[in-house]
Amino acid sequence: MRPNARTSLAGALACGALIAAAVIAHHDDEPRPGLPSGPYAALGDSYTAGPGIPGKKGSPAGCDRSDHNYPALVADRLGLGAADFRDVSCSGATVADLTAPQTTGDGTNPPQLSVLSGRTRLVTLGIGGNDIGFSTMIKRCVGAGVLYRALGSGTYLPEDAPCTRRFSSAGTDEVRRRIDTAGEHLTDALSDIRRRAPRARVFVVGYPEILPSDAGTCLRGMSLAPGDTAFLRDKEHQLNTMLRDRAEAGGAEYVDTYTPSRGRGACASADIRWIEPLAPAAPAAPVHPNARGEHGMADTVAKALEK
């Protein structure tokens, strides 16, 4: 029986819809047109490397680089193979380690910028925390917080920021000075990246929330005095602001991981936090991103790539 015109049209439309759906389904997991197709170079410190998150990869072993850190997850989403993905991030790295070898407790990491070339199409860079000694600051403030709690949490000593004065003497903000100096070095590094990889999209990745606005939630998990929690949180804000400003001035794009991580820092409950406290409950280094945090950072970088 010969179909009429209306039936034929309906059948053609249905067939077209099925074909379109099949094409969309087939390409759903493939990189979108316009996204970098590699090579991709991941640079940075421990917040990029993901120490303690299974499984460990690459060399030197002292960099404590995870195969589930955010660069690896981003590379996987872009469909990049080993030939087009180089992760040279390393725990303990400073801006100086971008252009000079970094000695670790187990091997030497080459200058991170050495992996860049005219072929490079994507660069992510997460750095700066070690330049200002943020880990050392936290350790000192935790020690002061333990004493603060032992002395009655303000009952006998009215000061609620016993650690802050160590970094602010005679009206000088030592941490602010370190942040400014790190910013100057970052500007030079971004210029070097642009020179080595002129065709790459460059993203400076900020730090996620480490400490909350409510200092009272941090007394147990981090043993920080309330005023010191606020001080450290303020310094992270200043560091991220510097990273954003220097990135924009240097022709790079800034990735804000702080906003999507609000309420998920080291003092949050174990089922939602991105950052582990001093005694990690999940595989991760103390006061560093866990697998959830690296996944969240990967989501944020992926969204930035689509803009």
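Student: Why is arginine 196 called partly exposed?
Tutor: This is a predicted model, and in it arginine 196 has a relative accessible area of 29%. Exposed needs over 50% and buried needs under 20%, so a value in between gets the label partly exposed.

Student: What makes aspartate 192 and arginine 196 a salt bridge?
Tutor: Their side chains come to 2.9 Å, N to O. The cut-off is within 4 Å, so the pair counts. Both residues sit in helix α5, four residues apart, which is about one turn of the helix.

Student: And how do you know that arginine 195 forms a salt bridge with aspartate 192?
Tutor: Here the closest N and O atoms are 2.6 Å apart. That also passes the test of within 4 Å, so it's a salt bridge too. These two residues are three apart in helix α5 (residues 174-196), again about one turn.

Student: What makes glutamate 276 and arginine 273 a salt bridge?
Tutor: Their side chains meet at 3.3 Å, N to O, and the limit is within 4 Å, so they qualify. Glutamate 276 is buried at 1% relative accessible area, and arginine 273 is buried at 8%. Elsewhere, salt bridges that share partners join Lys57, Arg65 and Asp87 into one network.

Student: How many salt bridges does a search of the whole structure find?
Tutor: It finds 14.

Definitions and conventions
Residues numbered from 1 in each chain as written. Predicted model: local features only at pLDDT ≥ 70, side-chain atom pairs only at ≥ 80, totals over all residues. Heavy atoms only, no water. Buried < 20%, exposed > 50% of the residue type's maximum accessible area, 1.4 Å probe, protein only.
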